[in-house]
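Good morning, and thank you for coming.

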Amino acid sequence: MDLFQSFLYLMGPWPLFLCVLGTGLGIIVGAIPGLSGAMLIALTLPLTFKMVPEDAMALLVSMYTGSITGGLVSAILLRIPGTPSNVITVFDGYAMAQKGQAGQALGLGIAASFFGAVFAWFALALLTRPLADVAVRFTPFDYFAMVLSALVLISSVSGTSMVKGLLAGMIGVLFAFPGLDDNTGSTRFTFGMWQLTSGFDILPVLVGVFGIGTVMNELLRPRARFERIAYAPGGMWMKLSEWKAQAWNLIRSSAIGTWIGILPGIGASVGSLVAYTVAKNLSATPEAFGKGAPTGIVASEAANNATVGGALIPLLAIGIPGSVLDVFLMGAMQIHGIQPGPLLFEQHASIVYVVIAACLVSSVLMLVQMVLMIPLLRRVLDVPRQFVLPLILVFCVVGVFASSNRMFDVWIMLGFGVLGFLMERGGLPLGPFVIGFILAPIAESRLRQGLMMTDGDYSPLFTQPLTLSLMVLSALLLCWPFVRSYRLARR
Amino acid sequence: MGDREARAETLIALLAIVLSGFFLFEGARLKPGVFEPIGPGAVPMGVAVVTMVLSAMVLFGRWRSANARPQQADVRPFDGPAPHETWALLLASAAMTAVYVLVLQSGAGRYGYVTVAYLLAMFLALSDQARKDLPWAVALALVFGLGLDYVFRHLLVADLP
């Protein structure tokens, strides 16, 4: 199946229904503060077991696209970002809404999201195959250095403290070690439990950290109510001349979002922050930002949606997830027996092309559904939490049990839920944790494989060009906070 | 950072040290590989050492900030005033969930019925107007409890506890 055939496949009744459903659910969950696309995808994973992989990926990619966009509704109307990727939209979106321009702010956000998603789709369609062809020649040391830099990169941009980000990542790495060691065939770190012979399954860990952990945080304030801003429908459509004024901002922010998406491990929230900062710095009226500047909304939303397509590039071409949400897609592929990476084009080309096609189809559906669903979304925000939270818990339990038929995994999920809850309370970001958990086996096996090839010689880590540059990048990222604080102290 | 957040941070750092200690201890007992230079314990032990160092840095940072200045109020940029937190409700929900999983594990009741009872109890526990919400709670508990039972058993043909 090539790209064109994949589009035709997705136009079939069942795949198209899954795309519509996935995008719609993603938008709704993204719009509800406290719930996230990661949680939705984690809860949906068990339901995809019975699907063919192409349908499963179409559904999950659609959820991914929808969830990134849905958060802009609550960001603009409630001043609460539905997802972390919409934090920056709050600054100008809510300010515009306060001036009675909520409709215009929503229109700007939706259209910019669509443009960013389509821009990144072209990068996804054009760059993935060439990158995969290059990645086939990567050495085991290159892969090790790539995982290391991904971990350092996400730790450096997640949360407020790099040390905490790194600690979260290392805890995730530690939990990836228990189980069978592929190189020696022996078991290790099983805590004396035979159930851990195959290690911690992906699903209980992801559902626990993102599902149970989130619900526990929300249970602390189950009756919280949000102040809502008055919103009159209409005024969503801007004139062509107003769009022309935003053209350069749209292209620049989409390019930034795509590039940040490609960088391993970091996703939409950083993309929107960087695009917003650049737009503000280049603006003739930077003082207007934060007070209802349309340029700010366009920059933030174009960039965060562009990261979706961008982040899929390293996942499909190299097997390194470009964002936390891509970890879930990687987990879904692994559950279906598919290993993302350079050989994906050779072994499962249909999956790659369906993912790429679904990215565009879901972007178009997102545009249509966002426009149609705005009135519904405003009602969804009213659904009492006391009904939503227990239902999520029930879905977590039944989903994880059904995936393995073991109650042990349900207890593991609850344990990781408590860990995720404590980490969030303590300010340790969850992104590095899941990236560390999912990438550690790759890093370890590639390092050991490389050392076997060189008979224990570590020098390729510092002599091979790509490995060396990635190691230097990691070192610079690690040193930067200390250099910065030293410079600040000297001033 | 508030008191509770600081305690959670300290707790996680201490847990990480204990976990790292376990990996160091177990890693040292693993036999080295025959055909490979570093064996199965080397990388986990290296990661455990790094984790311990990072945990110590977090604990030191916490100790330093606790001594440096008085605790500041927790600032929440989007929520306005910090919402009231209901720890009793969280603990009660956690206990009910643990009992729910235990009952499912013991096989004492059919999945659908146990789930209906759990959902009903949770809905009413979390509601601030239990009497008013009762009809909705009963309806939703029945629909989702029995519905999930049907979907997983008959449509997805999956085993349920």
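This is a predicted model: local features need pLDDT of at least 70, side-chain atom pairs count only at pLDDT 80 or more; totals for chains, interfaces and linings use all residues.

Residues are numbered from 1 along each chain as its sequence is written, while chains are lettered from A and ligands numbered from 1 in the order in which they are written.

Let me begin with helix 5 of chain A, residues 87-98. Helices (H or I, at least four residues) and strands (E, at least two) are DSSP runs, numbered from the N terminus. The end C-alpha atoms of helix 5 of chain A are 17 Å apart, which agrees with the 16 Å that its 12 residues should span at 1.5 Å a residue; the expected span is 1.5 Å times one less than the number of residues.

Why is helix 5 of chain A described as largely enclosed by the rest of the structure? The reason is that 11 of its 12 residues are buried. A residue is buried if 20 or more other C-beta atoms, placed from the backbone, lie within 10 Å of its own. Among these buried residues are Phe91(A), Asp92(A) and Tyr94(A). Their cover includes helix 4, helix 6, helix 11 and helix 12 of chain A. After helix 5 of chain A comes Gly100(A), with a positive phi near 85 degrees.

Helix 11 of chain A also packs with helix 10 of chain A, at an angle of about 145 degrees and with the axes 9 Å apart. Axes are lines fitted to C-alpha atoms, for helices over the stretch in contact, and angles run from 0 to 180 degrees between N-to-C directions. Residues making this contact include Ile256(A) and Gly257(A) of helix 10 and Val274(A) of helix 11; two residues are in contact if their C-beta atoms, placed from the backbone, lie within 7 Å.

I turn now to the second chain. Chain B has 5 helices and 0 strands, and 25% of its 161 residues count as buried.

How many residues of chain A are in contact with chain B? There are 56, and they meet 57 residues of chain B. On the side of chain A that touches chain B, helix 16 of chain A gives the most, with 11 residues. Helix 8, helix 9, helix 17 and helix 18 of chain A each supply at least two.

Thank you for your attention.
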